[in-house]
Amino acid sequence: MNTTIAAITLRAMVGRRRAVLLLAMPVVLLGLAVALRLTGVADVGTSRAVLGAFALGTLVPLLGLIVGTGVIGPEIDDGSIVYLLSKPVSRFVIVTTKLVVAVGCIAVFAAVPTLAAGLIMAGDRRGLALGYGVGALVGGAAYCAVFLLLGVLTRHAVVVGLLYALLWESLIGGYVPGARTLSVRQWAMSVTSAVAQHGAVSADVRLRVAVPLLVVVAAAATVYAGWRLRSLTLAGDE
C-alpha cells in the first residue's frame, strides 16, 4: 500500500460532490430506522426486512459502485492517471491502495450506518445489527473490487455497474434460484446469517460456498485490474 496514493485518493473521494452522494443513502437509512423505532413498529421482522432490502440490497451495491469506480475511473477519464503511472510504483500496489481506500469508505458510509440502523431498530436482539453490519462490510468490499475493475476496463463503468446492480443483483440474483449462487448480495446474506444468531436470518447460499466465492471474486478482480493497468501504460495515452 502506498500512503501518498491513498491520501490523494481519499481527498478526491470525500470532495464536496462525492461526499453528498456518500452521505445521502446512509442518512436515509438512519432516518428510516429512527422513524420506525419512534412509531413502535421496529420489531425483528421489520428490522430484518429493512436491513436486507435497503441496506444490503440497495445501499451497499450503490455505494460500492460510487467508491469502486470513483477511486480510479475519473483519473483514467481525464488522463491524469498517466502521471501516476509514470512513477516507479507497481501497478498492483496502485490498485490495492485504491481498493483499500474504497473499502474504508464502504466501512464508514455503509457498514457502520447499517450496524447503527440495526441497533436503533432491534437493539442487540438476535445479533441482527452485527450480522448485517458485517455482511455490509464483506459484500461492499467485493463490490468495490468488481466496480474498480470496471473503472479500469471501461469509461462507462457507472452505467455498466448500475445495470449489473439493478438487473443481476436485484432482479435475477434475487428471484431466480439458480442465479443466487453467483450473487454478491446473496454471499453477503450468507455471512450475515452466520454472524447473527442461529435462525435469525435465512440465506440461500451456504457459508462454505459464499466465503470462497467472495475471496476469489475480490482477489481475481484486483489482480486483473492491476494487469489491465499495466497494459494501459504500454498503450501510452489510451
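Which handedness does the crossing of α3 and α6 have, right or left? I looked this up in a predicted model. The crossing of α3 and α6 is right-handed.

**Entry: α3 against α6**

I took the axes next. Those of α3 and α6 come within 10 Å and cross at roughly 165°. An angle over 145 degrees counts as roughly antiparallel, so α3 and α6 are roughly antiparallel to each other. I then listed the residues that meet. From α3 they are Ser 47, Val 50, Leu 51, Ala 55, Leu 59, Val 60, Leu 63, Gly 64 and Val 67. From α6 they are Ala 102, Cys 105, Ile 106, Phe 109, Ala 110, Thr 114, Ala 117, Gly 118, Met 121 and Ala 122. I sorted this contact by class and got 15 nonpolar, 4 polar and no charged residues.

**Entry: α3 against α7**

I moved on to the pair α3 and α7. Helix α3 covers residues 44-70. Its axis and that of α7 come within 8 Å and cross at roughly 25°. Angles under 35 degrees count as roughly parallel, and α3 and α7 are therefore roughly parallel to each other. I noted a right-handed crossing for α3 past α7. The contact of α3 with α7 divides into 14 nonpolar, 8 polar and 1 charged residues.

**Entry: helix α7 itself**

I checked the length of α7, residues 128-153. At 1.5 Å a residue, its 26 residues should span 38 Å. I found its end C-alpha atoms 37 Å apart, which agrees. Then I looked at burial. In α7, 20 of the 26 residues are buried, so the helix is largely enclosed by the rest of the structure.

**Entry: α7 against α9**

Helix α9 covers residues 184-195. I have the axes of α7 and α9 coming within 8 Å and crossing at roughly 150°. The two helices are therefore roughly antiparallel to each other. I recorded a right-handed crossing here too, as α7 passes α9. On the α7 side, the contact is made by Leu 130, Gly 131, Tyr 132, Val 134, Gly 135, Val 138, Gly 139, Ala 142 and Tyr 143. On the α9 side, it is made by Val 184, Arg 185, Ala 188, Met 189, Val 191, Thr 192 and Val 195. By class I get 11 nonpolar, 4 polar and 1 charged for the contact of α7 with α9.

**Entry: Gly 139**

At 1% relative accessibility, Gly 139 counts as buried. I left aside neighbours within four places in sequence, and Gly 139 is in contact with Val 60, Val 184 and Ala 188. I also took a distance to Ala 19, 120 residues away along the chain. The C-alpha atoms of Gly 139 and Ala 19 are separated by 21 Å.

**Entry: Arg 126**

Where does Arg 126 lie? I placed Arg 126 in the loop between α6 (91-122) and α7. Most residues other than glycine have a negative phi. Phi of Arg 126 is near 60°, a positive value in a residue other than glycine. At 31% relative accessibility, Arg 126 counts as partly exposed.

**Entry: Ala 165**

Last, I looked at Ala 165, found in helix α8 (residues 157-175). Ala 165 is buried, with a relative accessible area of 5%. Not counting residues up to four places away in sequence, I have Ala 165 touching Pro 61 and Ser 170. Ala 165 and Thr 58 are 107 residues apart in sequence. In space I get 8.5 Å between Ala 165 and Thr 58, C-alpha to C-alpha.

Technical notes
Residues are numbered from 1 along each chain as its sequence is written. This is a predicted model: local features need pLDDT of at least 70, side-chain atom pairs count only at pLDDT 80 or more; totals for chains, interfaces and linings use all residues. Side-chain values use heavy atoms; hydrogens and water are left out. Helices (H or I, at least four residues) and strands (E, at least two) are DSSP runs, numbered from the N terminus. The expected span of a helix is 1.5 Å times one less than its number of residues. Buried means under 20% relative accessible area, exposed over 50%, partly exposed in between (1.4 Å probe, protein chains only). Axes are lines fitted to C-alpha atoms, for helices over the stretch in contact, and angles run from 0 to 180 degrees between N-to-C directions. Angles under 35 degrees count as roughly parallel, over 145 as roughly antiparallel, 65 to 115 as roughly perpendicular and the rest as oblique. A crossing is left-handed if the near helix is turned anticlockwise from the far one by less than a right angle, and right-handed if clockwise. Contact means heavy atoms within 4.5 Å. Ala, Val, Leu, Ile, Met, Phe, Trp, Tyr, Cys and Pro count as nonpolar, Asp, Glu, Lys and Arg as charged, and the others, Gly among them, as polar.
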